[in-house]
Amino acid sequence: MQNIAVVQARTSSSRLPGKVMMPILGTPMIIHQLWRVQRSKLIDKIILATSDNVSDDQLALLCERAGFNVFRGSLNNVLDRFKNAIAKEDCANIVRITGDCPLCDPKIIDDVIESHLNSKAEYTSNALKPSFPDGLDVEVITKAAFEKVLKHAFLPSQLEHVTPYVYQNPTEFKIKEHVSKMDFSKLRWTVDELIDFEFVSEIYRLIYPKKPDFGMKDVLKVINSNCLRNFDNSSIKRNEGYETSLLQDLKYGVGKA
């Protein structure tokens with residue numbers, strides 16, 4: 001087993017509770033996303049990693065019934081959740097994907113994995129230098145580098161977001177940045193707020209019935225047609241959750257206010 005995708009998801013989102021279970025064309029958002037990840041050619045196995053909190057019972061049951069591997073672990077220490085999710089897996093690389101990105105593109109996932117393999121990097125991401133739409137983020141980390149993270153990570157930002165120890169300590173790892181030829185970083189395709197969900201739902205309504213395996217280029221065509229002007233989510237800050245966790249790091253005397 002070479003590349004294992006761990007898709008992290010929970011229902012207790014502070015900004016839009018239960019978002020992963022909200023239906024798009026009658027199917028929960030998280031199932032749509034897992035179907036899209038499943039189309040990756042370079043991912044050998046997918047694990048939906050959720051919490052063992054009662055609030056995620058229905059999420060776990062839903063994904064299991066849909067035929068996906070489910071692991072349940074710590075609600076807040078997501079790094080520990082990842083550690084236990086892959087503990088018994090034979091893998092060379094872990095592909096981290098968050099479960100609030102129902103427009104994720106399997107081709108981009110594969111492009112990032114391929115870039116990672118070709119460069120022999122320890123960590124590869126298309127989000128360190130944002131150039132893709134927010135919501136198409138992919139991170140790949142070798143199991144060896146991940147084990148190093150487990151030994152040293154302790155800050156809230158590192159435990160909640162899994163990989164920050166790597167890019168907060170760039171001299172300790174061989175890091176590869178995967179950058180788009182064109183800058184689409186101002187586009188927001190992730191789901192944190194209701195307007196995000198409404199935007200994504202409209203994308204599915206317009207594209208999915210005719211082309212369920214649509215990708216980034218198809219979404220761009222719809223956006224360029226200017227038929228989504230009533231779904232403007234551009235004012236929402238990118239990586240707001242990570243920025244909030246960095247404030248928690250201040251309690252440890254690390255970072256800036």
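Buried means under 20% relative accessible area, with exposed over 50% and partly exposed in between (1.4 Å probe, protein chains only). This is a predicted model: local features need pLDDT of at least 70, side-chain atom pairs count only at pLDDT 80 or more, and totals for chains, interfaces and linings use all residues. Residues are numbered from 1 along each chain as its sequence is written, and side-chain values use heavy atoms, without hydrogens and water.

**Helix 3**

Helices (H or I, at least four residues) and strands (E, at least two) are DSSP runs, numbered from the N terminus. In helix 3 (residues 78-85), the buried residues are Val78, Leu79, Arg81, Phe82 and Ala85. They cover an arc of only 160 degrees around the axis, so they sit on the same side of helix 3. The arc is that of the directions from the helix axis to the C-beta atoms. An α-helix has 3.6 residues a turn, so residues three or four places apart point the same way.

The buried residues of helix 3 pack against these elements (contact: heavy atoms within 4.5 Å):

| Element | Residues |
|---|---|
| Strand 1 | 3-8 |
| Strand 4 | 45-51 |
| Strand 5 | 69-73 |
| Strand 6 | 93-98 |
| Helix 5 | 143-152 |
| Helix 6 | 156-161 |

**Histidine 178**

Where does histidine 178 lie? Its place is the loop between strand 9 (175-177) and helix 8 (194-207). Histidine 178 is buried, with a relative accessible area of 16%. Leaving out residues up to four places away in sequence, histidine 178 touches Asp111, Val112, Ser115, Thr124, Ser125, Asn126, Ser131 and Phe132. Histidine 178 and glutamate 139 are 39 residues apart in sequence and 9.7 Å apart in space, C-alpha to C-alpha.
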